[in-house]
Amino acid sequence: MALDSKVPEGVLADKWTKHKGEIPLVSPANKRLLDIIVVGTGLAGSSAAASLAEMGYNVKAFCFQDSPRRAHSIAAQGGINAAKNYQNDGDSVHRLFYDTIKGGDYRSREGNVHRLAEVSRNIIDQCVAQGVPFARDYGGLLDNRSFGGVQVSRTFYAKGQTGQQLLLGAYSALNRQIAKGRVKMYARHEMQELVVVDGKARGIIAKNLVTGEFERHSAHAVLLCTGGYGNVFFLSTNAMGSNVTAAWKAHRKGAYMANPCFTQIHPTCIPVSGENQSKLTLMSESLRNDGRIWVPAKKEDAEAIRSGKLHPNDIAEEHRDYYLERRYPAFGNLVPRDVASRAAKERCDAGYGINKTGEAVYLDFAAAIMRYGGEEAHVKGLKNPSDVEVKALGEKVVEAKYGNLFQMYEKITASNPYKEPMMIYPAVHYTMGGLWVDYNLMTTVPGCFALGEANFSDHGANRLGASALMQGLADGYFVAPYTVGEFLSTDIRTGRISTDSPEFEAAEQAVRERTEKFITNNGTKSVDFFHKRLGKIMWNEVGMARNEEGLKQAIADIQALREEFYADVRVLGAANGMNPELDKAGRVADLIELGELMAKDALERNESCGGHFREEYQSAEGEALRDDENFAFVSAWEFTGIPAEANLHKEELTFENVELKTRSYK
Amino acid sequence: MDLTLKIWRQNGPQEKGEMKTYPISGVEQDMSFLEMLDYLNDQLINEGIEPVVFDHDCREGICGMCSLFINGEAHGPGRKVTTCQLHMREFKSGDTIYIEPFRAKAFPIIKDLMVDRSAFDRIQRAGGYISVNTSGNTIDANAIPVPKENADKAFDAATCIGCGACVATCKNSSAMLFASAKISQFSLLPQGQPEAKERVLNMVHQMDLEGFGNCTNTGACEVECPKGISLENIARMNRDYLFASLSSNK
Ligand SMILES: Cc1cc2nc3c(=O)[nH]c(=O)nc-3n(C[C@H](O)[C@H](O)[C@H](O)COP(=O)(O)OP(=O)(O)OC[C@H]3O[C@@H](n4cnc5c(N)ncnc54)[C@H](O)[C@@H]3O)c2cc1C
Ligand code: SF4
Ligand code: FES
């Protein structure tokens with residue numbers, strides 16, 4: 001099948017308005033005859049379900065948590081971008097568009113990204129109208145902060161809990177429609193199969209996680225708003241339940257997976273402390289504004305620190321290596337995420353890591369504390385303040401800025417970041433890859449749409465901070481509610497979709513058999529045992545640095561792991577009733593298949609771009625070498641049975657409005 | 001460290017439950033409380049015993065999914081933390097730890113330590129929103145300035161994670177702290193004013209229907225609330241409620 005991105009013709013800035021105007025309308029009377037399933041209630045799903053219901057469609061929404069309000073979006077910390085230019089610092093729709101394309105290392109679609117930048121402004125208006133309590137200044141107007149990779153201040157925030165406040169806003173809009181009876185909400189339900197009838201997505205098989213029952217739900221269109229798949233690495237900053245099952249089931253039914261290997265590894269996370277760790281915790285990007293990143297310049301010092309014989313505060317300034325400032329003098333500690341992560345790995349691999357595992361670097365606030373303290377002392381008119389006084393004043397300022405993060409850090413590590421530098425290391429955070437979608441956000445299965453982190457659309461090979469929340473709400477509030485109309489306008493005479501068809505029967509049967517298989521398997525190892533092993537393979541071979549040999553090995557190892565998993569996994573308990581182990585088994589089974597495809601995708605992309613770094617393609621100084629001549633395309637994979645044998649379809653990327661350049665932060 | 005865990009096991013909503021004892025060794029100080037339970041579950045699976053069921057997701061104190069009554073306290077010892085943020089360094093080798101579900105009539109047990117808190121969703125649905133369509137064609141976000149103090153207070157109320165610790169802690173199983181936080185967020189903002197009266201009446205009504213108890217001003221909820229939601233919100237809600245009932249023509 002030829003991939004048609006369906007990006008409208010015409011001038012970039014007019015495409016969306018023109019397209020919206022041309023989408024056939026569905027009359028209110030006909031909307032009542034159309035059913036839509038929305039899987040997922042994060043920012044993308046909640047906003048889509050609420051908007052579609054408000055427009056008059058019948059909506060059923062699903063999530064696996066006990067409440068829609070607990071979707072993983074709730075955990076987002078730093079903020080949401082919008083081209084409002086309230087700070088009058090030269091921001092504009094075009095600048096946000098350009099920053100996003102460049103930040104993504106020129107691997108995203110111009111048309112989609114421009115639309116995102118356009119609607120970003122409405123998002124903030126909408127959220128404020130809903131009562132989202134964004135941070136404000138003393139004049140009562142909205143405040144902004146800066147994020148990495150850009151030169152303007154366009155990030156709106158609600159302390160370190162922006163995702164929570166945005167999701168509660170979308171949840172309230174959803175609740176309003178549930179109360180009106182226009183959305184039927186199914187919490188603690190998991191989609192386990194997509195049902196395709198006559199080539200169109202017509203429903204899902206969902207498991208009621210409380211009773212264990214399988215339910216058939218039909219609709220005229222299915223929207224997957226099911227989030228990212230970072231948990232394929234076992235350890236990530238994602239919530240424990242985040243998984244790929246919904247997207248993977250769609251993939252198996254014909255939806256292509258795009259750029260699955262594009263993974264964002266966030267540079268500032270709390271390092272792994274032990275074998276029993278279940279997840280990693282992010283320390284927000286905003287910390288890099290004030291923290292300086294370093295490792296000891298001398299290997300002996302690093303060794304002495306690792307063995308507990310030396311304290312970081314005792315290493316003299318000249319024996320510290322502020323390697324980001326050294327390598328990238330222009331951007332210093334504020335280089336984009338992918339660059340910062342690789343640089344940390346490079347130092348640790350070379351033997352300069354500073355915790356017992358050798359995989360951590362320092363994020364140091366001592367200089368910032370003294371600097372702020374000095375300013376405060378000056379403001380207060382203190383003459384010749386002592387270092388102790390200055391430090392105390394500085395700590396107050398830092399506490400006001402980052403208090404909740406410092407406290408979180410101390411709770412987890414039992415170390416006080418005001419007194420000694422934080423230890424950080426990169427961790428898996430976000431997946432740019434996802435289901436391939438066209439301009440209308442429709443996958444290659446007609447009627448099956450993908451929104452939010454679940455699709456691949458806007459961030460290319462590297463996402464900028466504070467842009468995922470923007471994209472989720474853009475897709476859900478302002479894009480999909482219109483673009484589904486194009487597909488549904490042909491369906492107004494279809495009538496209700498029956499759940500008695502052979503397709504529903506077969507889909508349900510498949511789910512029952514999978515479940516039965518796990519319950520009766522009588523293996524010897526827990527699901528986590530396999531998940532952890534998958535994570536190790538992925539992290540070592542498909543993580544921050546990849547090479548041909550390692551990727552080939554990863555494919556072989558994952559295939560062997562999959563066989564072992566099915567032969568030896570042990571799931572106790574029954575199929576009926578609540579059984580989280582059983583549900584986890586199904587999710588891990590899909591993550592194993594996905595891991596294999598990610599390795600395949602990484603193997604085929606013979607260039608380094610954004611989060612995808614192939615060791616063979618780097619400059620003498622270790623910088624990424626992108627290959628626009630041969631790889632300026634989206635890799636869209638078609639499932640054929642074995643993930644590593646998927647068919648590759650290429651969507652060539654054309655750039656008419658920006659010039660392709662090498663990203664340089666030197 | 002070596003611990004003795006006493007854990008509530010209950011196979012289903014209608015079944016009888018009981019405390020079961022599990023000795024466990026090899027627990028590390030750096031483990032979080034839930035990682036300790038993962039570790040136990042892995043051992044139980046190896047022994048062919050069904051793992052303990054408990055709710056959790058984000059594991060960083062923000063989703064409100066984790067619960068647990070640990071040694072008689074909601075979210076265990078320590079203030080302003082959720083169970084998932086509790087670390088084993090708070091305990092010492094040889095300790096016996098009692099782990100029970102959040103108990104309240106309005107929170108029926110689903111299995112083991114997992115309870116049904118959907119009553120909270122229903123309270124929210126009764127009015128926890130501002131009736132604005134999602135077209136995006138509203139007024140500019142900066143058109144109505146909001147005094148910083150009110151904005152900050154609204155934010156503080158809005159940080160409630162809906163965990164239910166307040167209910168589990170309250171001897172009357174009252175949901176006043178939760179409901180008042182949700183109502184206050186809107187009543188402190190200009191956007192929330194047009195529906196303020198209806199909102200407080202409807203949400204309080206729903207709270208009563210769900211079978212939550214009355215508030216007798218003991219204040220235990222505020223102490224155990226992981227987000228430090230203040231009792232001030234209850235006072236504000238009571239004022240709003242009184243005013244709304246007096247002036248409502250319903
Ligand atoms: C710690 C952290 C901090 C972050 N901070 C920021 C930030 O400051 N700014 C920013 O822009 N981005 C941030 N991000 C990224 C951002 O939060 C996510 O990309 C975004 O919230 C994803 O939203 P979503 O709606 O696509 O999916 P999610 O919020 O992940 O929601 C997925 C939904 O799908 C449901 N679901 C999944 N599978 C199934 C199934 N099979 N059946 C039924 N339901 C299913 C889930 O129940 C859930 O409701 C952060 C991410 C993390 C991990
Ligand atoms: S008020 Fe506090 S204890 Fe009660 S639900 Fe909200 S966060 Fe939990
Ligand atoms: S698991 Fe999310 S708050 Fe504890």
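Visitor: Which helices of chain B each supply at least two residues of the shell around ligand 2?

Guide: Helix 4 (165-169) and helix 5 (176-187) of chain B do. Bear in mind that this is a predicted model.

Visitor: How many residues surround ligand 2, and which are the closest?

Guide: A residue joins the shell if one of its heavy atoms lies within 4 Å of the ligand. Here 13 residues surround ligand 2. The closest are B:Cys160, B:Cys163, B:Gly164, B:Cys166 and B:Cys225.

Visitor: How does the shell around ligand 2 divide into nonpolar, polar and charged residues?

Guide: Cys counts as nonpolar in this scheme, and Gly as polar. The shell around ligand 2 has 11 nonpolar residues, two polar and no charged.

Visitor: Now ligand 1. Between which chains does ligand 1 lie?

Guide: Ligand 1 lies between chains A and B. There are 39 residues around ligand 1. A:Gln65, A:Ser73, A:Gly78, A:Met191 and A:Glu453 come nearest.

Visitor: Which element of chain A gives the most to the shell around ligand 1?

Guide: Strand 6 of chain A, with three residues. Strand 6 spans 189-197. Helix 3 (43-55), strand 15 (422-431) and helix 13 (468-488) of chain A also each supply at least two residues.

Visitor: What classes of residue make up the shell around ligand 1?

Guide: There are 17 nonpolar, 18 polar and four charged residues.

Visitor: Where do polar atoms of the protein lie by the oxygen atoms of ligand 1?

Guide: Look for N or O pairs within 3.5 Å. A polar side-chain atom of A:Ser73 lies 2.5 Å from a ligand 1 oxygen. Two further pairs use the backbone. A polar backbone atom of A:Phe64 is 3.1 Å from an oxygen atom of ligand 1. For A:Ser467, a backbone N or O atom lies 3.3 Å from an oxygen of ligand 1.

Visitor: How much of ligand 1 does the protein bury?

Guide: Compare the ligand alone with the ligand in place. Alone, ligand 1 exposes 1,000 Å². The protein buries 98% of that.

Visitor: Last, helix packing. At what angle do helix 1 and helix 5 of chain A pack?

Guide: Two packed helices are described by the angle between their axes and by the distance between those axes. Helix 1 (residues 15-22) and helix 5 (residues 110-129) of chain A pack at about 90°, with axes 9 Å apart. Helix 1 and helix 5 of chain A are therefore roughly perpendicular to each other.

Visitor: Which residues make the contact?

Guide: A:Lys15, A:Trp16 and A:Thr17 come from helix 1 of chain A. Helix 5 of chain A brings A:Gly111, A:Arg115, A:Glu118 and A:Val119. By class, this contact has two nonpolar, two polar and three charged residues.

Notes
Residues numbered from 1 in each chain as written. Chains lettered and ligands numbered in written order. Predicted model: local features only at pLDDT ≥ 70, side-chain atom pairs only at ≥ 80, totals over all residues. Heavy atoms only, no water. Polar contact = N/O pair within 3.5 Å; in protein donor to acceptor, adjacent residues only side chain to side chain. Areas by Shrake-Rupley, 256 points an atom, 1.4 Å probe, with all protein chains shown as cover. Helix = DSSP H or I, 4+ residues; strand = E, 2+ residues; numbered from the N terminus. Axes fitted to C-alpha atoms, helices over the stretch in contact; angles between N-to-C directions. Parallel < 35°, antiparallel > 145°, perpendicular 65-115°, else oblique. Contact = heavy atoms within 4.5 Å.
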